[in-house]
Amino acid sequence: MSFWEEEETLTRKLRTYSVKNVKITEADMVRAKKLIKDCIEDRVMKYCQQHSPLPILRLEYTGSVYEGLKTEAADEADIMVVLKTARQEVAPENTEIPGYARLKARDNSKLRHYASSAGYIFPERLRNGWFNSLVARAVDDFNNSSTSDVHLGVRYHGPATQIDIREKTTNEILLSTDLVPCFQTGPDDYFVPKSYTFKGFSHPELLWRQSFSLKEKAILQHMDFDQGCRHELLRVVKTIVNKEERSSLRLLRSYHLKTAFMHYIKENPANWDNNSLGRHFYGFLQRLKISLAVKNLPHYWLPRVNLLEEDFSPVVIHQMENRLENILTSKDKLNQILGCKMPQTETQIQKRRNPNVLNEPSPPAHFSGRSRFVVPRDSYSRRNAQQWTSASRTDRSQNAEVKLRTRFHLLRRG
């Protein structure tokens, strides 16, 4: 099979996998966005805007759902809650840590209530003292006054306040939304209250993480401007990685894959027609494997930041590289991942035609004078080889004439 025929075959397999495992129906996407609008936007955030001591400017919808990259189920969303501030009310001060800054509130600002004596805003104080309690009251108001068939629950993790929308009768979570408060200090400069967890910096409790979610959304949401297959490819790879339950590859999060993919499409801007899915599948995985091999995946916006070094040990990174190497070099493994039926061997075809054919041990696939046999790779043939070895031991007890005939017969069959 030529290269182009192999590429076409892989493209068909990937499309079949996408239909079975990746794609979300339009109806599910419509349902998810309606839940966000009815419950979060029109009720929870409206309550917050009306009762907040700090003015809220707008909501920014980010994450995989709005980038066109959500896979398997439309069950989560990310929303940035942008505070309204006057011009130069909040000033960022850069630090030696890439992607982190201190935010200083002006003397007469209400934000001084959540700041140090020097005016630096504490992320945790703002999040806990203002936002979390405000959202909790909004959720209570929804649950106490709503005649809807859903109710809301609140959880807290990292910089986000998570709202779970649950069906009343079953308590099943229909959708989870992460609300993250943030400051906008420039046209493209957003900061969120994500803690700095590494050692070696004084007063890490004052640091705010710069967010590039909207810049990433601008790239990813419209990357198929030429009707290409970029969205389809990244969704497929994300799903494959998520289903790697027994492999360290599953530790790669969506952000790692999106970052690697933004590097890849920047390096490969052209030739993304729908027939190129198979070629770019191999190309992107090779690009990802190189990053794992050199143990460096640079942040797209902050090249000095190595995302792999931040999140994984060298041993885990090496395990990921090995697993990816196996997928790239073994058609059998890739077919297994994609759920494709393997081509049948001649023995398997004979077994299907005649179930009794396996009652007699058959010789291995290869026979030489120096070695009695070479064990074939598939486990079924390995069992055959073991049976045949056992039979050959019985031959040794027979007379020389019978052994000669047997060997002649085996050589003819091989």
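**Close-ups of cores and salt bridges**

**View 1. The largest nonpolar core in this predicted model.** This core has 47 residues, and the members touching the most others are Met45, Leu111, Ile121, Leu126, Trp130, Leu179 and Phe183. The biggest share comes from helix H2 (residues 26-51), which puts in 10 residues. There's also a second, separate core of 46 residues, with Tyr17, Phe212, Val237 and Leu308 among them.

**View 2. Zooming in on isoleucine 121.** What does Ile121 touch once residues up to four places away in sequence are left out? The list runs Val90, Leu103, Ala105, Leu111, Tyr114, Ala115, Leu126, Phe183, Leu206 and Trp208. Leu111, Leu126 and Phe183 also turn up among the core members that touch the most others.

**View 3. A salt bridge between lysine 331 and glutamate 6.** Searching the whole structure turns up 18 salt bridges, and here the two side chains meet at 3.0 Å, N to O. Lysine 331 sits in helix H11 (residues 331-338) and glutamate 6 in helix H1 (residues 3-22), so this pair links distant parts of the chain, 325 residues apart. Lysine 331 counts as exposed because its relative accessible area of 52% is over the 50% cut-off; glutamate 6, at 32%, is partly exposed.

**View 4. Arginine 58 with glutamate 60.** These side chains form a salt bridge at 2.7 Å, N to O. Arginine 58 is partly exposed at 25%, while glutamate 60 is buried because its 18% falls under the 20% limit.

**View 5. Arginine 112 with aspartate 107.** Their salt bridge spans 2.5 Å, N to O. Arginine 112 is partly exposed at 23%, whereas aspartate 107 is exposed at 64%.

Note on methods. Residues numbered from 1 in each chain as written. Predicted model: local features only at pLDDT ≥ 70, side-chain atom pairs only at ≥ 80, totals over all residues. Heavy atoms only, no water. Core = buried A, V, L, I, M, F, W, Y, C linked by side-chain atoms within 4.5 Å. Buried < 20%, exposed > 50% of the residue type's maximum accessible area, 1.4 Å probe, protein only. Helix = DSSP H or I, 4+ residues; strand = E, 2+ residues; numbered from the N terminus. Contact = heavy atoms within 4.5 Å. Salt bridge = Lys/Arg side-chain N within 4 Å of Asp/Glu carboxyl O.
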